[in-house]
Amino acid sequence: MTPTIGISLFPLVSMRKLESLLGYSRIDLWKIANKAGTYYRSFDQRPKGSNKKFRHIDNPTGDVRELQKRIQKNILRKFVYPETMLGGVQKGSILENARRHADQKQVFAIDLRNCFPSTRHTTVLKTYIEKLGCSGEISGLLTKLTTYQTRLPQGAPTSSLLANLTLLNVHDDIKTITDELSLNLTFYVDDIVISGKDITGAIEPVIKAVQKNGLSISCKKKKLMNAWELQKVTGLVVNKEVNIAREYVESLRKDIINAAKIGYFTENEDRSFQGRINYISAINERTGQKVERFYEGFAVEIKGEKKIDRFEYQNCKCAKKHKVKRIKKAP
C-alpha cells in the first residue's frame, strides 16, 4: 500500500510555491534546468589497491548541486516513505537496516542491477506526477534538475530518495508477499533484504515481483544465508546481534600500519582513520575503543602535507558514448 503524502505540500502544482521552497525565481530555475548537464563532472573511481570495478560517479556542481540539496530537503524528504525503506531517509541507516535482520534463521539479500543508470528520466518524470502530484510544468522542471543524460545520476543528493519513489510499486508487491509469510523486509535503496524462520517460499515470488516491474537482479549479489554461516546485511554481520565485519577492522589496521611507515599521518589520513574508527564504535563500542588505542599507540606527528586520496580515478567515457548516440539519431 502506497504511503500517505503530506497534504501541506502535495500535490505540488504552484510555481510560486516551488519558488518559495527552492529560493530561486522561476526564470532562474528554468535557465539552470535547461543547461543542467553542463554542471556535472563525471568520473570513475575505486578504492586504491583493490581489484573492484570502477564505480561511475556523476558529480553535480554549482547551482545544480545547491538546488538538488534544496529539492532533497524541502520536497523529497516531505514524502512519507514506508518504514521498511531505510536508504536516504531521516532516521534510516545501515545500522538500522541490519538490526531488522539480526538473529534470524535465514537471510536473503538481493541487489537491483544498475538501479540508478537504468532509471530513465521518463520514469522520474512519471514519478513526480504520480507519487508527488506535481503539475506537468513542475515535473518537467524538477526532472531536468535531478537527472543527467536521460538517467538518474549516481552522486546527486536527490538520487537515493528518487530511487525510493520509483521503487514504491515493487516495494508494495514484495511487502504483500513478506506480510503473508510473516517475514522481515527492508529496502536500502537498491539493496533488498528478507529474513525469517523459513524464507524459501518467498524467493521465487519476490524475484518474479522484481521482474514484473521491469527491473533485474544482480546474480553476483543474490545470496541466501543460513544461521550456521556468516550472515551479512549491507556490510554488517547479523548472525546473533549486529556487529562489525572482521575484515573491515583488519583492513583499517593494515592501512594505519602502512601509513605509519612514512613516519607521520597526513591530515587527510587522520580524518579518514578517525571517521572509520567512529563508524566501528557506532556498531561495536568495545572494538572501536581497541582500534582507537591501536591508532593512538603510534604517536606520530600529524602533518598537512602530501594529502592522500583513498581512491584512484579514471576518466569516464559515457559522455562520448552519449554524444555518439545523439549524432546517430540525428536525421
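**Notes on the model**

1. Strand E1 (residues 40-47) and strand E2 pair in the antiparallel sense over six bridges, where pairing requires that DSSP finds at least two bridges between two strands, and where helices (H or I, at least four residues) and strands (E, at least two) are DSSP runs numbered from the N terminus. Within this pairing, Ser 42 has Asp 58 in E2 as its bridge partner.

2. On provenance, this is a predicted model, in which local features need pLDDT of at least 70 and side-chain atom pairs count only at pLDDT 80 or more, while totals for chains, interfaces and linings use all residues. Residues are numbered from 1 along each chain as its sequence is written, and side-chain values use heavy atoms, with hydrogens and water left out.

3. The sheet to which E1 and E2 belong is open and has three strands in the order E2-E1-E12, with antiparallel pairing. Strand E2 (55-60) and strand E12 (311-314) stand at the edges with a single partner strand each, so one side of each is left without a neighbour in the sheet. From one strand to the next the twist averages 40°. Helix H3 (residues 62-74) packs on the sheet, touching E1 and E2, and its direction makes about 95° with that of E2; contact here means heavy atoms within 4.5 Å, and angles run from 0 to 180 degrees between N-to-C directions, with axes as lines fitted to C-alpha atoms, for helices over the stretch in contact.

4. The axes of helix H5 (residues 121-130) and helix H7 (residues 159-166) come within 10 Å and cross at roughly 75°. The two helices, H5 and H7, are therefore roughly perpendicular to each other (a class that covers 65 to 115 degrees). Thr 123, Val 124, Thr 127 and Tyr 128 in H5 meet Leu 162, Leu 165 and Thr 166 in H7.

5. Which parts of the chain does the pair of Phe 43 and Tyr 313 link? Phe 43 lies in strand E1 and Tyr 313 in strand E12, 270 residues apart. Their ring centres are 5.5 Å apart and their planes at 75°, so the pair is edge-to-face (ring centres within 6.5 Å make a pair, and planes over 60 degrees apart count as edge-to-face). Phe 43, at 22% relative accessibility, counts as partly exposed, as does Tyr 313 at 43% (partly exposed lies between buried, under 20% relative accessible area, and exposed, over 50%, with a 1.4 Å probe and protein chains only).

6. Elsewhere, ring pairs link Phe 265, Phe 273, Phe 294, Tyr 295 and Phe 298 into a cluster.

Definitions and conventions:
Parallel < 35°, antiparallel > 145°, perpendicular 65-115°, else oblique. Phe/Tyr/Trp six-rings, centres within 6.5 Å; stacked < 30°, edge-to-face > 60°.
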